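Open the model in your viewer and keep the selection tool ready. Each stop below says what to pick and what is there.

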Amino acid sequence: MSYLDNILFAILLIVGFGFFARSVKKIIRNINLGVDVDRKDNSKARWKNMAMIALGQSKMVRRPVAGILHIFVYVGFIIINIELLEIIIDGLFGTHRIFAPYLGVVYDVLIASFEILALLVLVAVIVFWIRRNIVRLKRFINPDLKGFPKSDANYILYFEMVLMTLFLLMNATDLHLQNVPGGFSHFHKAGSFPVSQFIAPIFNGMSNELVMLLCEAFWWLHIVGILIFMNYLYFSKHLHILLAFPNTYFANLNPEGQFDNLESVTKEVKLMMDPNADPFAAAPVDENAAPAKFGASDVQDLNWVQLLNAYTCTECGRCTSSCPANQTGKKLSPRKIMMDTRDRLQEVGNNIDANKGVFVPDNKTLLNDYITAEELWACTSCNACVEECPVNISPLSIIMDMRRYLVMEQSAAPMSLNAMMTNIENNGAPWQYSQQDRLNWKNEN
Amino acid sequence: MSESLVVPTMAEMLAEGKQPEVLFWVGCAGSFDDRAKKITKAFVRILNRTNVSFAVLGTEESCTGDPAKRAGNEFLFQMQAMMNIEVLNAYEAKKIVTACPHCFNTLKNEYPELGGQYDVIHHTEFLKGLIDDGRLTVEGGQFKGKRITFHDPCYLGRANKVYEAPRDLIQKLDVELVEMKRSKANGLCCGAGGAQMFKDAEPGDKEINVERTEDALEVKPDIIAAGCPFCNTMLTDGIKHQEKEASVKVMDIAELIANAQDL
Ligand code: SF4
Ligand code: SF4
């Protein structure tokens, strides 16, 4: 007996998982480039969010067609991973359907449900493909989704089609060989095959050896496909299948209208307003403090949750399709804000990799090189995008942080907004009225 | 409309050694904008009629800082906030009612961290409370049988999940409440939020308020109800843009109730 197969398989696994681990490490490192923000409080509410939104897909079904089809793919994906466990054990130890003898009828039920799910996944994925490429739903053909992101979405669908087909073909050949009169090789009767039994007849008339060869080929292609797919995640919006979980856990729990009060500003304002403070005293020197920068012009100024958001974004465009600015033809697309943030973060990460762990300034920033001020100023801060996102991403928080940079670091607000702010400063109202006239309405008719 | 309004200030109250049940935060629009002043007065008429003990800050009130904050000017926002908090705390304000969802959101959510802890409620919730306590009774009056649709202000609805109080109040008027295709959590912004009220929109195909007015007109209402002075302005402009001023009115919920009771 040769162990060549098993060794080859083991190497494949190690390489596959090794590369994957490397990508995961990079993602974690890149996310940690962000500013710290405390999201450890209220773990009960956080677990609940994760259970409802990531596990329970509660926000997906707000658009029922996509929602239900997505649930097929999602459940199919999770359950078929259980099958993967058997495949890995079989592959490593040269066994065949190792669980079958132990599980008995349960095994039949399991295999049958895998098959039905595989079929549902196949159907769902085909409908998804049609929606993207034939029906061309507006949010999938928006100009902010061109080039790689557009192909990426289709690659994922092709991948899933191929993987599910291979899975069913693998079972069909197996079933065919199980039914060879007198038995063939190690193919003993096991499992129940509600879907692949209809595929199995195509192998009738082929020699047993050929079918077995095909069976092995399908088996190998399937597992290799899965390993490739797993490593493709790093480059793809499909990363959401993993990150949706931490992302919903760490999502903002405050009311959507509550924006954070910048602490660094609070300190300065308190000092300014304190009548006892010595205006000429030097600010206390904190050796470790980085020079305070207000707002965000690049990914390092964002917090790590915002960066996690960027990696989690599935580019589904639900945010953009509900954005009032986008719907009325303005340049702003919250999806693009998330994609730009991820692209820039990836660029910064590559820069760090290329320069032995340190970031070498590249004369680029998220602001201007990716996101323009025009996009930022179009936002009404209505929270429609936040409400809509199926994985609780907040494009709005990034928009706001970048507006803060424009206003507080660059004094680059539109003129009319500067006028409004001057009015507030001088009159305590956004318009030019005297504070002394505040109660005039009382006596007017 | 005959009786004049009774509007005590916090300073007057304090001089008399009294603390009102609630502080009415009028807001900049409610104080200075001609259209919004009517909302303010309608609300005060209801307060007067129901003998609610309230007071305003009057000339001691200042902008909450909301437009500055949404525009990105955190400095200006926090200065405004701290000044207002000083005033409010000096008067030991506990409960605040306001007819502006932007003031509501800021006072309720963003002031606590800066030292201002108050029980803040929107005027629609407050009015609902008066009805629930039996202090205010509402009948349809002139609005009986009218078709009314309600536009959810983002900073009241999505931002703070207040969806039912305004609708409950409208329903008390014996009217037909019709929902737009986008409402509640799916509501569409009027276009004024995030300091947009104070600047021109970026180039696009359309103004947001026109898009939103189309949503409203689709359900063929007699009245578009609003719960925000800024939404009110945006929708009124939208109605003018569609040349529908003759057939469709935009009214605040406080006005609906005050007018229904002939106050
Ligand atoms: S918050 Fe801003 S980006 Fe998000 S939907 Fe509203 S206008 Fe668009
Ligand atoms: S931010 Fe959310 S809603 Fe928008 S594209 Fe990404 S995943 Fe979809």
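Select B:Lys37 and A:Glu444 and show their side chains. They meet in a salt bridge, 2.9 Å from N to O. Remember that this is a predicted model. Across the interface of chain B and chain A there are five salt bridges. Polar contacts also cross it: 36 residue pairs, both partners at pLDDT 80 or more.

**The chain B side**

Now colour the residues of chain B that touch chain A. Which elements give two or more residues to this side? They are α2 (27–32), α3 (34–49), α4 (66–71), α5 (74–90), α6 (101–110) and α9 (208–218) of chain B. Stop at α5(B): with 10 residues, α5(B) gives the largest share of this side.

**The whole interface**

Select both sides together. Chain B brings 72 residues to the contact and chain A brings 62. Between them the two chains bury about 5700 Å², with 63% of that on carbon and sulfur atoms. Next, pick B:Phe32, B:Phe75 and B:Phe198. These residues supply 13% of the area that chain B buries against chain A, more than any other three residues.

**Helix α9 of chain B**

Go to α9(B), residues 208–218. Why is this helix largely enclosed by the rest of the structure? Because nine of the 11 residues of α9(B) are buried. Select them: B:Ile208, B:Asn209, B:Val210, B:Glu211, B:Arg212, B:Thr213, B:Asp215, B:Ala216 and B:Leu217. Then show what covers them. The cover includes β5 (147–150), β7 (223–226) and α10 (229–241) of chain B. It also includes α13 (324–327) of chain A. Step just past the helix to B:Lys220, which takes a positive phi of about 50°.

**A buried arginine in chain A**

Last stop: A:Arg139, in helix α6 (residues 138–141) of chain A. Which side chain of opposite charge is nearest to A:Arg139? It is A:Glu388, 7.6 Å away. A:Arg139 is buried yet has no salt bridge. Turn to A:Cys316 instead. The side chain of A:Arg139 reaches the backbone oxygen of A:Cys316 at 2.7 Å. Finally, show the contacts of A:Arg139, leaving aside neighbours within four places in sequence. They are A:Arg63, A:Arg131, A:Leu145, A:Cys316, A:Gly317, A:Arg318, A:Ser321 and A:Arg335.

Terms used: Residues are numbered from 1 along each chain as its sequence is written. Chains are lettered from A and ligands numbered from 1 in the order in which they are written. This is a predicted model: local features need pLDDT of at least 70, side-chain atom pairs count only at pLDDT 80 or more; totals for chains, interfaces and linings use all residues. Side-chain values use heavy atoms; hydrogens and water are left out. Helices (H or I, at least four residues) and strands (E, at least two) are DSSP runs, numbered from the N terminus. Buried means under 20% relative accessible area, exposed over 50%, partly exposed in between (1.4 Å probe, protein chains only). Lys and Arg count as positive and Asp and Glu as negative; His and the chain ends are not counted. A salt bridge is a side-chain nitrogen of Lys or Arg within 4 Å of a carboxyl oxygen of Asp or Glu. A polar contact is a pair of N or O atoms within 3.5 Å; within protein, one must be able to donate a hydrogen and the other to accept it, and residues adjacent in sequence count only if both atoms are side-chain atoms. Contact means heavy atoms within 4.5 Å. Buried area is the accessible area (1.4 Å probe) that two parts lose on being put together, summed over both.
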